[in-house]
Every structure is written in structure tokens, then in C-alpha cells.
Amino acid sequence: MISRLLTSLLAPQPGRLAAPDAQLALAALLVRVARADEHYEEAERLRIDRVLCGRYELSPFEAAKLRAEAEAIEAEAPDTVRFTRALKDAVPYEDRTSLMEAMWSVALSDEARDGREDALIRVTADLLGVSDRDRALARQSVENAKK
């Protein structure tokens, strides 16, 4: 599955992703956010696992396995532009806005808001076609849930 997704991402025009590949791509995007500040911490890994469990109804073991595969994909993925181009075609807008919440929950899980994570989420939102308003509402929703 990893090589198939990488092949798709490296194609000049990435095609529509199948459901398992879309799950892996979304998980890899969460890993990319967590690694953006160059501190990939246990709190971020646990948050990614919880997001994957909730989003895809996975067991903790299945979520950790998907995250491990996503870590490998993220390390090999060419860039965020290609990555999100394929996701935009595969994921409906409503799911893309909920992905913004997932990304913010990962970025804020280590209790430190970092400019590099903010910048990556902003760029990713633009590439996914998520409005600035919806991106901001997603952040506010996560921040309010933490209170």
C-alpha cells in the first residue's frame, strides 16, 4: 500500500485515491503537521492515534499500525502540494474541514503552538480548498475543547 500511494503521489497528475490510500494519506498529513516543528513527541503520536481511531473506527493497535505506515509515507512524500492535490480530489469538503480540526488537535497536543505548524496548516488548508474562515473555526473549536 505504501509503494502504491507513493507512486500515485509522484505521478505528474495524481489520480483519485482509493479509500485505504486516502486514510493513509490523511494520516501522513497529520504526521507531517506533528513533525513540522522538528519535535515529534509522544503526545502528538497519541493524538494522531486517537484521531485515526475516531475517524476510521480503528482499534488502538490498527491506528498505531496506520500511523507507523504514515510516518514512512510522510518521510518519502515529495511535498505537501502533491500530497494535498490528491487528497482534495479524494475527500469531500466537509471531511476536509474536519481534517483541519484533526490537524489543529495534533499541532496543539504538545501544548506548544509553533509558527511552523501554523504555516503548514495554513498552506495545507489553501491547497485543500478550505477557506480561511473554516480553518480559523477549526482551530477555535479545538482550542475551546481543550478548556
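Where is A77 found? A77 lies in the loop between helix 4 (60-76) and helix 5 (80-90). At 8% relative accessibility, A77 counts as buried, because the cut-off for buried is under 20%. A25 is 52 residues away along the chain, yet the C-alpha atoms of A77 and A25 are separated by 9.6 Å.

Confidence comes next. The chain has a mean pLDDT of 84. Of its residues, 84% reach 70 or more. Among the elements of the chain, helix 1 (residues 2-10) has the lowest mean pLDDT, 52. Helix 3 (residues 42-56) has the highest, 95. Where pLDDT is low, the predicted coordinates should not be read in detail.

Helix 3 can be checked for length. It has 15 residues, and at 1.5 Å a residue they should span 21 Å. The buried residues of helix 3 are E44, I48, D49, V51, L52, C53 and Y56. An α-helix has 3.6 residues a turn, so residues three or four places apart point the same way. Just after helix 3 comes E57, with a positive phi of about 55 degrees.

Now turn to helix 6 (residues 93-107) and helix 7 (residues 115-128). Two packed helices are described by the angle between their axes and the distance between the axes. Here the axes come within 11 Å and cross at roughly 170 degrees. Angles over 145 degrees count as roughly antiparallel, so helix 6 is roughly antiparallel to helix 7.

Which residues in helix 6 and helix 7 meet? From helix 6 come R96, L99, M100, M103, W104 and A107. From helix 7 come E117, D118, I121, T124, A125 and L128. The residues of this contact divide into eight nonpolar, one polar and three charged.

The loop between helix 6 and helix 7 holds D110. Is D110 buried or exposed? D110 counts as buried, because its relative accessibility is 14% and the cut-off is under 20%. Leaving out residues up to four places away in sequence, D110 touches D37, E41, A43, E44 and E117. Two of these names have come up before. H39 is 71 residues from D110 along the chain, and the C-alpha atoms of D110 and H39 are separated by 9.4 Å.

Methods:
Residues are numbered from 1 along each chain as its sequence is written. This is a predicted model: local features need pLDDT of at least 70, side-chain atom pairs count only at pLDDT 80 or more; totals for chains, interfaces and linings use all residues. Side-chain values use heavy atoms; hydrogens and water are left out. Axes are lines fitted to C-alpha atoms, for helices over the stretch in contact, and angles run from 0 to 180 degrees between N-to-C directions. Helices (H or I, at least four residues) and strands (E, at least two) are DSSP runs, numbered from the N terminus. Angles under 35 degrees count as roughly parallel, over 145 as roughly antiparallel, 65 to 115 as roughly perpendicular and the rest as oblique. Contact means heavy atoms within 4.5 Å. Ala, Val, Leu, Ile, Met, Phe, Trp, Tyr, Cys and Pro count as nonpolar, Asp, Glu, Lys and Arg as charged, and the others, Gly among them, as polar. Buried means under 20% relative accessible area, exposed over 50%, partly exposed in between (1.4 Å probe, protein chains only). pLDDT is the predictor's confidence in each residue, from 0 to 100. The expected span of a helix is 1.5 Å times one less than its number of residues.
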